[in-house]
Amino acid sequence: MYVHPKKALGQHFLKDASVAKQIVEALCCVSVPQKQCFKVLEVGPGTGVLTQFLLKEPHLELFAVEIDRESINYLLTHYPALEGRLIEADFLKMNLSALFSSPFLVIGNFPYNISSQILFKILDVRDTVPVVVGMFQKEVAERIAAPPGSKTYGILSVLLQAWYDIEYLFTVPAHLFVPPPKVQSAVIRLVRNDRTTLPCSEPLFKQVVKATFNQRRKAIRNSIKQVTGASALTDHPMLGLRPEQLGVHQFVELVQWVEQLSSSKLPSTAPLFP
């Protein structure tokens with residue numbers, strides 16, 4: 001039985017078992033330090049290159065979601081232990097809260113065309129997902145893990161780093177896939193941080209981050225006007241910076257200032273930093 005990679009689904013099957021084992025180990029070394037049992041959801045198992053190692057981990061209870069019927073038939077034939085735990089569905093349309101009432105881990109060689117959407121969906125249930133290990137297009141992985149000040153630091157970086165500590169683990173060359181993608185790939189790990197809430201409006205936080213990075217070559221004073229509605233803003237230290245210079249904490253401070261400005265509790269001439 002052979003699974004034909006489907007371009008419409010962004011399928012590029014990893015064929016190197018040693019790399020697959022490394023990916024699984026990257027999940028296990030964080031998730032089960034005290035041999036605690038965790039449920040784990042594999043997104044897009046394809047031909048089971050990760051599945052084979054996940055099933056061998058005694059402290060992981062594996063579930064998998066796959067949209068491709070051909071892959072499902074292959075997986076159930078080669079890994080009968082998946083019977084009853086292999087979900088035929090579109091991950092982006094799943095109700096994860098209904099499926100998992102307790103914490104669960106996420107792993108996968110994510111389809112590159114929806115990898116960012118996968119992470120944004122995970123953010124919606126972040127308090128029940130302590131660890132994510134995934135394969136991404138290298139440029140996307142670098143962007144997610146980039147620190148402030150980096151040229152690749154952007155919207156994804158800030159919104160994910162607000163809730164997760166992110167580590168770029170290793171690069172995977174194209175020839176290790178069938179068919180080989182036109183780009184290099186990389187594996188990153190996201191570990192939930194201690195932040196439970198933001199000390200500002202989360203929707204406004206997202207709006208400010210997106211607005212400033214959508215004009216990343218301009219100083220923040222130019223892009224923030226569309227959020228504040230103010231026709232002119234005075235020279236605050238942060239407003240003269242570009243968005244890539246701000247970490248999560250600085251963006252929170254910026255949003256707090258916008259909230260105060262909007263409620264007229266802070267005149268536009270007040271200093272941003274006391």
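Me: Why is T51 called buried?
Reply: In this predicted model, buried means under 20% relative accessible area, exposed means over 50%, and partly exposed lies in between, with a 1.4 Å probe and protein chains only. T51 has a relative accessibility of 0%, and therefore it counts as buried.

Me: What makes the pair T51 and E42 a polar contact?
Reply: A polar contact is a pair of N or O atoms within 3.5 Å, where within protein one atom must be able to donate a hydrogen and the other to accept it, and residues adjacent in sequence count only if both atoms are side-chain atoms. The side chains of T51 and E42 are joined by such a contact of 2.7 Å. E42 is also among the residues that T51 is in contact with once neighbours within four places in sequence are left aside, the others being P45, L62, L75, Y79 and L82; contact here means heavy atoms within 4.5 Å.

Me: How do you know that T51 belongs to a helix?
Reply: Helices are DSSP runs of H or I with at least four residues, strands are runs of E with at least two, and both are numbered from the N terminus. T51 is found in helix α2, which covers residues 51–54. By these rules the protein has 11 helices and nine strands.

Me: On what basis are the residues numbered, and which parts of the model are used?
Reply: Residues are numbered from 1 along each chain as its sequence is written. Because the model is predicted, local features need pLDDT of at least 70 and side-chain atom pairs count only at pLDDT 80 or more, while totals for chains, interfaces and linings use all residues, and side-chain values use heavy atoms, with hydrogens and water left out.

Me: What is the pLDDT of the protein, and where does it stay under 50?
Reply: pLDDT is the predictor's confidence in each residue, from 0 to 100. Its mean for the protein is 90, and 91% of the residues reach 70 or more. Over residues 265–274, however, pLDDT stays under 50, although the model has 20 contacts beyond four places in sequence for them. Where pLDDT is low, the predicted coordinates should not be read in detail.

Me: Why is L86 called buried when its relative accessible area is 16%?
Reply: The value of 16% falls within the range for buried, so L86 is given that word. L86 lies in strand β4, residues 86–88, and, not counting residues up to four places away in sequence, it touches P45, A64, E66, I72, L75 and L76.

Me: Is T212 buried or exposed, and what makes it so?
Reply: T212 has 0% relative accessibility and therefore counts as buried. T212 lies in helix α8, residues 202–213, and touches I220, S223, I224, P243 and F251, not counting residues up to four places away in sequence.

Me: Why is P58 called exposed?
Reply: P58 has a relative accessible area of 65%, which is over the limit for that word, so P58 is exposed. P58 lies in the loop between α2 and β3 (60–66).

Me: How much of the protein is buried?
Reply: Of its 274 residues, 49% count as buried.

Me: Which peptide bond is cis, and what is its omega?
Reply: The bond that joins V178 and P179 is cis, with omega about -15°. P179 has its place in the loop between β8 (177–178) and β9 (185–192). Most peptide bonds are trans.
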